[in-house]
Amino acid sequence: MDTNRKQIDKTDKKPQTPSYKYSFRLNEEQNIRFNELLCKAGSEHNRSRFIVKRIFGEEFVVIRRDPSKVQFIARLNDFYFQFQKLANNCAPVKAI
């Protein structure tokens, strides 16, 4: 078995990858505004995808984390695990 062969899809076509590159320059004020938009959209890690979505009007979702909800969920999970421990301790033991 030859494991060095490349995986080719059944249509013998290469997967489409972006092949066009554009560049632009921003002044200081525009750069600050651009970074604010990135932060609001939560896309700091993928600038190119953010730009493409904005240009072509694709919908993107902004997910905001509320620290109080994170703490509430952590405490709720801890409470659940305490109940689970009680249930494990109270489980009936089968007689041999």
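1. A patch, as the term is used here, is made of residues with over 30% relative accessible area and no salt bridge, and nonpolar side chains are joined into one within 5 Å. The model under review is predicted, and in it Phe72, Ile73, Leu76, Phe79, Phe83 and Leu86 make a nonpolar surface patch of about 650 Å².

2. Phe79, one of the residues of that patch, is placed in helix H3, which spans residues 67–89.

3. As to the overall fold, the protein chain contains three helices and zero strands. Along the sequence the pattern reads α-α-α.

4. Of the 96 residues in the protein chain, 5% are buried. The accessible surface of the chain amounts to about 10,600 Å², and carbon and sulfur atoms account for 54% of that surface.

5. The largest pocket holds about 410 Å³ of space. Its lining consists of Pro18, Tyr20, Lys21, Tyr22, Phe24, Ser48, Arg49, Ile51, Val52, Ile55 and Phe56. By class, eight of these residues are nonpolar, one is polar and two are charged.

6. The second largest pocket has a volume of about 180 Å³. The residues that line this pocket are Phe24, Leu26, Gln30, Arg33, Phe34, Leu37, Phe50, Ile51 and Arg54. Two or more lining residues are given by helix H1 (28–41) and by helix H2 (47–55). Which element provides the largest share of this lining? Helix H1 does, with four residues. The lining of the second largest pocket divides into six nonpolar residues, one polar residue and two charged residues.

Conventions
Residues are numbered from 1 along each chain as its sequence is written. This is a predicted model: local features need pLDDT of at least 70, side-chain atom pairs count only at pLDDT 80 or more; totals for chains, interfaces and linings use all residues. Side-chain values use heavy atoms; hydrogens and water are left out. Patches are made of residues with over 30% relative accessible area and no salt bridge: like charges are joined within 9 Å, nonpolar side chains (Val, Leu, Ile, Met, Phe, Trp, Tyr) within 5 Å. Accessible areas come from the Shrake-Rupley method with a 1.4 Å probe; for residues, only the protein chains shown count as cover. A salt bridge is a side-chain nitrogen of Lys or Arg within 4 Å of a carboxyl oxygen of Asp or Glu. On a 1 Å grid over the protein atoms alone, a cavity is a set of points where a 1.4 Å probe fits but cannot get out, and a pocket is an open set with protein on both sides within 12 Å along at least five of seven lines; lining residues have an atom within 4 Å of a point. Grid points are joined across faces, edges and corners, and a volume is the space filled by probe spheres set on the points. Ala, Val, Leu, Ile, Met, Phe, Trp, Tyr, Cys and Pro count as nonpolar, Asp, Glu, Lys and Arg as charged, and the others, Gly among them, as polar. Buried means under 20% relative accessible area, exposed over 50%, partly exposed in between (1.4 Å probe, protein chains only).
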